[in-house]
Amino acid sequence: MNITDFECYLNINTSNRFKPTLEALNYYMKRFMMTVPFENINVQNKVSISIGIDNLYDKIVNQQRGGFCYELNHLFFKYLECKGGHVTRTSAIVHTSDGGRSPEGSHMSLYVNINGTFYITDVGFGDVPLTAIELGSKNQFISTHDRNSVYRAILSKDNQYDLQKQIQNKWVTLYVAHLQPQYIEDFEDKINYNDHHPNSIFVQQLLITQPQSFGRATMTYHTLTLSNDINKRKYNVTTDNYKHFLKKYFNLDVKINPFENKLY
């Protein structure tokens, strides 16, 4: 992994950001998330996911693509390590809007230890702010404000935390994660599940999302949604316009086979 070229691709100014501080972490997160979209196009194209660092670097930097949690957070983990950060992988269970729960480990998140304080540092979830979220208790926490909403991370049980988003003045849990450190190899079966299993949401649906200057853009096979904390606009996605949307909002130049095969 060529750190200099990686930072050049992310347009990171390294002149005064060498120390592992919260300011630096937030800066790195913002540059990464504004450059690299969350997307599962390879899964939809039936191209197997690789979490090898060289392969990830080639996909994201050379091919100017994105990825989903295991890819994005794993690459960002390696980058933060190179910058001297104390970063840890965590295993998470995603809570869905219909009350469902994903299998344990179906999401991989990160947290960074800065002077004894843990900060949730997730660049691979698709519904998180551009900055780190300080981990607090139910009675003591610092809300993190974003163009799309307000977020917090609270200790819910021993060695476990809830990442939450404020929706209609209520705190809604997005996922529950464990503080116990994980290796990337610990997620091997879940990576395979999300890559191939018919019950995986990433196999069932196309999902591309990325923060924007106005808020967030999210695209599925049917709809492009442009949103922030004030309003939401929706546009129909078709075989004829999907490449235009990919380039305009996600800087992606890639074919999506189900569109090309006119399945949508």
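Colleague: I'm new to this one, so how do helix 4 and helix 5 lie to each other, roughly parallel or roughly perpendicular?

Modeller: Helix 4 and helix 5 are roughly perpendicular to each other, and please keep in mind throughout that this is a predicted model. The two helices pack at an angle of about 105°, which falls in the range of 65 to 115 degrees that counts as roughly perpendicular, and their axes are 10 Å apart.

Colleague: Which residues of helix 4 and helix 5 meet there?

Modeller: From helix 4 the residues are Ile-53, Leu-56, Tyr-57, Lys-59 and Ile-60, and they meet Glu-71, Leu-72, His-74, Leu-75 and Lys-78 of helix 5. Sorted by kind, the residues of this contact divide into six nonpolar, one polar and three charged.

Colleague: And which residues of helix 4 are buried?

Modeller: The buried residues of helix 4 are Ile-53, Leu-56, Tyr-57, Lys-59, Ile-60 and Val-61. As for what lies over them, the cover includes helix 1, strand 1, helix 3 and helix 5.

Colleague: Let me follow up on Lys-59, then: where is it found, and what is its relative accessible area?

Modeller: Lys-59 is found in helix 4, which runs over residues 53-62. Its relative accessible area is 7%, and because anything under 20% counts as buried, Lys-59 is classed as buried.

Colleague: What is Lys-59 in contact with, leaving aside its neighbours in sequence?

Modeller: Once the neighbours within four places in sequence are left aside, Lys-59 is in contact with Glu-39, Asn-42, Ile-49, Gln-64, Arg-65, Gly-66, Gly-67 and Glu-71. Another, Gln-64, follows helix 4 and has a positive phi, near 55°.

Colleague: Which other residues have a positive phi although they are not glycine?

Modeller: Asn-11 has a positive phi of about 60° without being a glycine, and Lys-46 likewise has a positive phi of about 60°.

Colleague: Where do Asn-11 and Lys-46 lie, and are they buried or exposed?

Modeller: Asn-11 lies in the loop between helix 1 and helix 2, and at 56% relative accessibility it counts as exposed. Lys-46 is found in the loop between helix 3 and helix 4, and at 74% relative accessibility Lys-46 also counts as exposed.

Colleague: Changing topic: how many disulfides does a search of the whole structure find?

Modeller: A search of the whole structure finds zero disulfides. Cys-8 is in no disulfide, and its nearest cysteine sulfur, that of Cys-82, is 17 Å away, whereas a disulfide would need the two sulfur atoms within 2.5 Å. Cys-82 is in no disulfide either, with the sulfur of Cys-8 as its nearest. Cys-8 is exposed, with a relative accessible area of 61%, and Cys-82 is exposed as well, with 52%.

Colleague: What about Leu-130, is it buried or exposed?

Modeller: Leu-130 is buried, with a relative accessible area of 17%, and it is found in the loop between strand 4 and strand 5. Beyond its neighbours within four places in sequence, Leu-130 is in contact with Asn-26, Met-29, Lys-30, Met-33, Met-34, Asp-146 and Pro-211.

Colleague: And Gln-180, what does it touch?

Modeller: Gln-180 touches Arg-89 and Asn-159, not counting residues up to four places away in sequence. Gln-180 lies in the loop between strand 9 and helix 6, and at 47% relative accessibility it counts as partly exposed. The C-alpha atoms of Gln-180 and His-244 are separated by 42 Å, and the two residues are 64 apart along the chain.

Colleague: Last topic, the whole chain: how many helices and strands does the protein chain have, and what is its radius of gyration?

Modeller: The secondary structure comes to nine helices and 13 strands. The radius of gyration is 18 Å, and this agrees with the value near 18 Å that a compact globule of 264 residues would have. The C-alpha atoms fill a box of roughly 50 × 40 × 40 Å along the principal axes, and 53% of the 264 residues count as buried. Among the contacts with a separation of 6 or more, residues 24 or more positions apart account for 53%.

Methods
Residues are numbered from 1 along each chain as its sequence is written. This is a predicted model: local features need pLDDT of at least 70, side-chain atom pairs count only at pLDDT 80 or more; totals for chains, interfaces and linings use all residues. Side-chain values use heavy atoms; hydrogens and water are left out. Helices (H or I, at least four residues) and strands (E, at least two) are DSSP runs, numbered from the N terminus. Buried means under 20% relative accessible area, exposed over 50%, partly exposed in between (1.4 Å probe, protein chains only). Contact means heavy atoms within 4.5 Å. Axes are lines fitted to C-alpha atoms, for helices over the stretch in contact, and angles run from 0 to 180 degrees between N-to-C directions. Angles under 35 degrees count as roughly parallel, over 145 as roughly antiparallel, 65 to 115 as roughly perpendicular and the rest as oblique. Ala, Val, Leu, Ile, Met, Phe, Trp, Tyr, Cys and Pro count as nonpolar, Asp, Glu, Lys and Arg as charged, and the others, Gly among them, as polar. The radius of gyration is taken over C-alpha atoms; the globule rule is 2.2 Å times the number of residues to the power 0.38.
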